[in-house]
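Dear colleague,

I am handing over the structure we spoke about, with a short account of what was found in it. Please read the notes with the model open beside them.

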Amino acid sequence: MSHKFYTILLLSSFLNAETLGLLDINWKQVNKEVVMSKPQKAYPKKLTDVIGKMTLPVYLPSNYLYESKYTLIADANFYTMSYHLEDNARLSITGDRTFQDTLNPNTTDGQSLLKASKMIEFYPAEGLMSTDFGRNGANYTLLVECYDSISDKRCTDKTFLQNIYNKLIIVGGTK
């Protein structure tokens, strides 16, 4: 899949965010996770300047926090962080607290959407391995894109992305 497709998709969500509803974030739970995620050394200033303005928990892969080759697109209610990996691959995480349909948190459907994902599934598709999940009231997508989609195990075996998922930490976000 092309980078342009994902960029257009992400930007359209970003640009339409003002007309959409916002999911409620469980900040009490977020604050517990933040305490457990304290860094050994300070995060890069370029990163903290942006994530401090986000109105959703910002999850990033702990083993890529200090990488210098990344692209960050952010709005108060949406972000996507893409890391340029060695051997022609890209790792991205997107967080979004917007929704397009009316959501009533008092209904069964509304309550299930606000809960954290219990079972995480990883999906391979045309040079990608991805997973969608919800945490603390926001929606997230984690994916790796491989330019050699046939032989690159990062996109044919879920292990690489599963390891990244297991090491996600909260690095920012505020009410």
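The notes below take the sheet, then the helix on it, and then one tyrosine.

Please keep in mind throughout that this is a predicted model.

The sheet is open and has 6 strands, which follow one another in the order S3-S4-S5-S9-S8-S7 with antiparallel pairing. Its edges are formed by strand S3 (70-75) and strand S7 (123-125), each of which pairs on one side only. If direction is ignored, neighbouring strands of this sheet are turned by 15° against each other on average.

Within the sheet, strand S8 (residues 128-135) and strand S9 (residues 138-146) run antiparallel and are joined by 8 bridges, and in this pairing arginine 135 stands opposite alanine 138 in S9. Helix H6, which covers residues 159-166, packs on the sheet and touches strand S4 (78-85), strand S5 (89-96), S8 and S9, while its direction makes about 145° with that of S9.

Tyrosine 83, to which I would draw your attention next, lies in strand S4. Because its relative accessibility is 2%, and buried means under 20%, tyrosine 83 counts as buried. When its neighbours within four places in sequence are left aside, tyrosine 83 is in contact with Leu60, Pro61, Tyr64, Glu67, Lys69 and Tyr70, and also with Ala89, Arg90 and Leu91. As for isoleucine 93, which is 10 residues from tyrosine 83 along the chain, the C-alpha atoms of the two residues are separated by 9.0 Å.

Technical notes:
Residues numbered from 1 in each chain as written. Predicted model: local features only at pLDDT ≥ 70, side-chain atom pairs only at ≥ 80, totals over all residues. Heavy atoms only, no water. Pairing = 2+ DSSP bridges. Helix = DSSP H or I, 4+ residues; strand = E, 2+ residues; numbered from the N terminus. Axes fitted to C-alpha atoms, helices over the stretch in contact; angles between N-to-C directions. Contact = heavy atoms within 4.5 Å. Buried < 20%, exposed > 50% of the residue type's maximum accessible area, 1.4 Å probe, protein only.
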